[in-house]
Amino acid sequence: MDESFFRDETLERWEPPRRKLGQVQPLSPRPAGLRLDVGWLIAIRTSVAALLLSSVLWPDRPLLLLSVSFLAAACVLSSAAVFRLPYRLRAASRIEAITVGVIAPVAVIQAYVAHPGAILTRGGMSLVLETTVALLFAQVGQAIAIERRREVWSATARTLVLWPGCILPAAVLASARAATSPALAFSLGGCFLAASLVTLAARVAPVRAASWVVFAGTIGYFVLILSSGALDILADRPPVALLAWIIQMVAGLSFLLSPVRERILRALQTVSEARLGFGTVRRERLAEKADRDRGDFVPLL
């Protein structure tokens with residue numbers, strides 16, 4: 001037999017390429033633009049604006065306003081995890097439900113109580129301040145809810161989700177000329193229509209220009225309100241309403257800025273960690289006390 005058959009030779013064979021240890025495959029870059037399915041937001045905001053603006057002229061006003069409540073309920077249902085909708089759609093629906101179902105009614109109550117020419121008693125002033133605090137809490141809750149998942153959307157998309165909830169309270173106080181249903185519905189409808197237009201314009205704009213579109217839309221909306229007699233309306237309202245408008249204006253514009261929302265989230269996390277640490281120390285002390293109690297226990301013989 002040929003001796004070369006038993007000879008130790010190195011045989012070459014083909015093997016698939018293997019990834020080296022510690023080597024990380026480069027990830028595909030995320031799109032830097034809007035990562036949000038804004039069609040649902042645009043549909044809800046346009047529908048709410050259409051119903052509110054129609055209620056100004058339609059005689060069956062309660063039915064239209066009840067339809068707005070049904071839209072808020074639809075947002076609540078779509079935010080439930082049981083329907084297995086995409087997470088972005090569920091989170092956006094949750095924020096929209098707070099805007100339509102909580103912030104808008106509270107803003108209407110505030111504008112109704114502090115209507116132009118009103119002379120408020122101590123109870124009325126207290127109600128205006130309480131609604132201001134309630135609106136601020138709702139806006140902070142929205143900002144925290146959207147910033148906890150900031151890896152899902154870009155900063156511009158998060159601003160678009162929060163836009164109507166941040167702008168609406170100050171806009172209603174500055175644009176509602178009377179404490180009547182048509183005037184209040186017209187102010188609310190105008191705000192939701194502006195939110196729909198800003199969202200649509202930012203979505204169709206180029207990626208790099210989207211943030212500037214949101215900024216220009218916000219400034220343009222407030223310029224339109226001020227040019228429509230907002231200063232005269234605010235001057236006719238009680239002084240506490242002017243104070244509430246300044247607070248809501250500053251807070252609303254601040255919540256539209258991503259660094260402000262990130263600071264709020266970090267502050268909440270710091271407080272939560274401090275409370276968690278306090279709870280851990282308390283549980284450890286209780287455990288130590290229980291151990292000492294057990295050590296002093298003498299069983300009956």
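Q: Hi! How much space lies in the largest pocket?
A: About 460 Å³, going by this predicted model.

Q: Which residues are closest to its centre?
A: Of the 20 lining residues, Phe186, Gly190, Tyr221, Leu224 and Ile225 are closest to the centre of the largest pocket. Helices H5 (155–175), H6 (181–204) and H7 (210–236) each give at least two residues to that lining.

Q: And what's the lining of the largest pocket like by class?
A: There are 13 nonpolar, six polar and one charged residues in it.

Q: Switching topic: which residues touch the most other members in the largest nonpolar core?
A: In that core of 65 residues, they are Val48, Trp163, Ile167, Leu168, Phe192, Tyr221 and Trp245. H5 supplies the largest share of this core, with 13 residues.

Q: What is Phe192 in contact with, leaving aside neighbours within four places in sequence?
A: Its contacts include Arg45, Val48, Ala49, Leu52 and Leu168.

Q: OK, how many salt bridges does a search of the whole structure find?
A: Three. In one of them, Glu96 pairs with Arg45, and the closest N and O atoms are 3.0 Å apart. That pair joins helix H3 to helix H1, across 51 residues.

Q: Are Glu96 and Arg45 buried or exposed?
A: Both Glu96 and Arg45 are buried.

Q: Which residues are linked in a network of salt bridges?
A: Glu147, Arg158 and Arg261. Glu147 meets Arg158 at 2.9 Å, N to O, and for Glu147 with Arg261 the closest N and O atoms are 2.6 Å apart. Glu147 sits in helix H4 and Arg261 in helix H9, 114 residues apart.

Conventions: Residues numbered from 1 in each chain as written. Predicted model: local features only at pLDDT ≥ 70, side-chain atom pairs only at ≥ 80, totals over all residues. Heavy atoms only, no water. 1 Å grid on protein atoms, 1.4 Å probe; cavity = no way out; pocket = protein on both sides within 12 Å on 5 of 7 lines; lining within 4 Å. Points joined across faces, edges and corners; volume = space filled by probe spheres on them. Helix = DSSP H or I, 4+ residues; strand = E, 2+ residues; numbered from the N terminus. Nonpolar A, V, L, I, M, F, W, Y, C, P; charged D, E, K, R; others polar. Core = buried A, V, L, I, M, F, W, Y, C linked by side-chain atoms within 4.5 Å. Buried < 20%, exposed > 50% of the residue type's maximum accessible area, 1.4 Å probe, protein only. Contact = heavy atoms within 4.5 Å. Salt bridge = Lys/Arg side-chain N within 4 Å of Asp/Glu carboxyl O.
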